[in-house]
Structures are given as C-alpha cells and as structure tokens.
Amino acid sequence: MRRSGAGDSEFVFELRVCAWAERNWPPAGDLDSDTVVLVARQLGTRSRRWDTIVIEADRAELEQRARFGPDRLDSDLLHVLRDAPTEWAYYREALPDPGYPWRYVREAIHRAADRGILETRKRGNRIEIRRRWPYPEWAKRVIAIENKPDLDAGAARVLSEQLQHDVALALADEVWVATRATDERLEPILFETIPTEAGVLAVSEEEIEVLWHPRRLAVEDPGTEITERPTGRQADRSAACFEYTEPATKRETRRAVAERAYERGWRAYVESMRPDCRHFSLRRDQGRGDARENSGMDAEAAITTESGAPLPYCEAKDRHQSGAECSSSCPEFEPEPPTWRSGGWPIEGGPGAAVKRLLAERRQRRRPGLDRS
Ligand code: SF4
C-alpha cells in the first residue's frame, strides 16, 4: 500500500476522508436503500469538535426535513418546532418548560415565523402558535471520525484521551480514527493507546482500508463526561472526576449536530478560501501521480465528474494548499483578471464563482427534497 499524500496538510487529508465517506460509507457491508449519508466536517459540541461527521439519514424523513429549508435549526428552534401544536394554542401552554427564560422561546418563535416554518398569531397580548409540519427525526446514526494523518507518540496520547472521552460519553454511535497508511500492516502506536471501541481506517493514495472495526456505542444510555483526570505523576493520588449526561440531553445534542451537518456539508470549506484567486483550481483526487486536471477555468468539468474527489489545488504552489494558507493574506494571492468574469468568458461570473456555485449545487444534491421546499 502506498502512503497517502505525505506532505499534504491535515486539511487536505480531512477533505479526502470526507469525499471517501460520501462515496463509500459504510466501510463494511451496504446501506439499505432507505438510508443516505450526509458528511460534514469540524462540528461537535462545546467540549469536543470532530473532524469528520457522517450522518446516516432516513431518506423519506430527510425529504420531510427539506420543508424547513437549507439552514440549520438550532436547539431553541428545535424546542419550538418539535413541540408546536397542530391547533392554535398559547405558546406557554403548548410548549414544555424550556428550563431557561421564556423570552428566548419567544425569540425563537419570531425567528421561526420569519423563516416561514411556524404559524403565529396574536390574541390580545398572547402569542399563539401552530405547526406547519411535524419535525422529522431524520438522523438515524451519527458517526465521528478523528483524522490524524501523522501519529507520533505525543499525538497518539492526545488522541487516546479524546477517544476515551467519546467512548465514555457515547454521543456518536461509532467513533473512528483515520490515519495515513504506513508500510507496516498496523500502526503500533495507535493500537497500543486507543480504546478498543474505536475503529481505525488506514488512508493510502489508492484506497481507505479498515484496520479495526469499532464497537457500537450505547447512545441511548446515560453518558459519562470525564471532567478531570489524574496527572499520572507519582505524587498525584487524585481520582478522575465525572459528570453524567442524560439520554435526553444526548438526543438533543445529536439533533443539533445533525442540523449543523445538514446546513454545512463538507464542501463549505470553499467559503473560507479564495477561489477568486487566479491560482485556485480543483483537482480530482486520484493519486499524486495524476497530471494537472484542470485550471480554475475547467472547474466545471472537474467537479461534475463522479470519479475522484475534487480537492482545492494551488497552481502557484503546485500542490494542494491548506485552508489556512489560502486567504487574502497569502503572499501569492492574485485576483482573477476582470476579463475572466466578463461576458464572453465560457463560465458565467468567472472560474472562482463557478467553483463556489458548483460546490453549492453538489452540496444541495445531498439534501433530497430541497428543490421543492
Ligand atoms: S494558496 Fe494563495 S496563491 Fe494559492 S490559490 Fe490560495 S490564495 Fe491563491
């Protein structure tokens, strides 16, 4: 097995894993025809951010979800929409006590009404609400993948703590580590340190291979958060401290994570990069031996093909650039020539606009039913 893109940034490694997951999930076996996957990146909770998130979604429920529009529903909106009555009712009588001040509920009601996803009316001083549609439980399983292309002993220790946290909390149904394939069959550091409940993927240029299958985590049971650990020093006799998380809280968090994944997908990376730079292009990911696939001008051809993942490529640096370096502070940034955006150019608005538009269209295709919402 050839090592994957040694020298590529963690960012590019992560995009490669996202693209692979979108095409090939699950790593073993098949999804049934009623299930589709959504892939997103860099999402999680206040205490833990995952690199790649795969949501296994019920196809029919996902189509129902589309009626609420492409933007996420945050936890305040979900609280209102999930419990909104089918008949007109005063909101304080219709909704369960939120556990926080009612004024936030009123704000969420107004936001929902502005988005056209909840009906409201005034009766005297009272706001009454009525649901437009039931909110579907579209996200069936949440899978978290931690991307660690290069694992030395220090990185493995940090990773091990993160995965112990994930396993103890059991917010995701499965947790995985994706690491660069090495010439050895197994990466020794990895297997000595990480919990056995976590799965392991080895990423090479040609394929992604399962080295270890994960155990399914108990998402419906109370979870445990490790809030403090002993330092490991000899003098330290303290015990680890824990907090418990109720299943209902976990369900809410999973819903909120799924909603953010629905909104963003993994292609939203382009929003923080500079596709309007003349050196920006997309290259299909079919191994580093590939010749140049496209300039920005050929973006459409590169991105609309099903084979390989279109990853950002910098023609000036002659490699895949990281998200951080592709910004207007990049010393090699050069704006697209104005003529690229003018009438006679083959791509409307110029290649940078085409890249954004086509990535957005591809993201849209992953969310069935949105075109009818
Ligand atoms: S890395 Fe710099 S030169 Fe390359 S595409 Fe991005 S902004 Fe342009």
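In which strand is isoleucine 129 found?

## Basis and overall make-up

Isoleucine 129 is found in strand β5, residues 126-131, where strands (E, at least two residues) and helices (H or I, at least four) are DSSP runs numbered from the N terminus. The model is predicted, with local features requiring pLDDT of at least 70 and side-chain atom pairs counting only at pLDDT 80 or more, while totals for chains, interfaces and linings use all residues. Residues are numbered from 1 along each chain as its sequence is written.

The chain contains 10 helices and 13 strands. Of its 373 residues, 35% count as buried, a term for residues with 20 or more other C-beta atoms, placed from the backbone, within 10 Å of their own. Of the contacts (C-beta atoms, placed from the backbone, within 7 Å) with a separation of 6 or more, 68% are made by residues 24 or more positions apart.

## Surroundings of isoleucine 129

Isoleucine 129 is buried because 23 other C-beta atoms lie within 10 Å. Leaving out residues up to four places away in sequence, isoleucine 129 touches Ala84, Ala89, Tyr91, Ala94, Ile109, Leu118, Glu119 and Thr120. Leucine 95, 34 residues away in sequence, is 9.8 Å from isoleucine 129 in space, C-alpha to C-alpha.

## Nonpolar cores

A nonpolar core is a set of buried Ala, Val, Leu, Ile, Met, Phe, Trp, Tyr and Cys residues joined through C-beta atoms within 7 Å. The largest has 64 residues, and those with the most contacts inside it are Ile53, Ile55, Val142 and Ala261. Helix α1 (residues 10-24) gives the most to this core, contributing 8 residues. Because domain 1 (10-61 + 138-259) and domain 3 (267-372) both give residues to this core, it lies between them; the domain bounds come from an automatic or database assignment.

Alanine 261 is in contact with Leu38, Ala40, Leu43, Ile53 and Ile55, its neighbours within four places in sequence being left aside. Apart from this core lies another, of 16 residues, among them Leu77, Leu81, Ala112 and Tyr135.

## Helix α6

Helix α6 comprises 17 residues (153-169) and should span 24 Å at 1.5 Å a residue, which agrees with the 24 Å between its end C-alpha atoms; the expected span is 1.5 Å times one less than the number of residues. In α6, the buried residues include Ala156, Leu159, Gln162, Leu163 and His165. Just after α6, alanine 170 takes a positive phi of about 55°.

Technical notes:
A residue is buried if 20 or more other C-beta atoms lie within 10 Å of its own, exposed if 12 or fewer, and partly exposed in between; C-beta atoms are placed from the backbone. Two residues are in contact if their C-beta atoms, placed from the backbone, lie within 7 Å.
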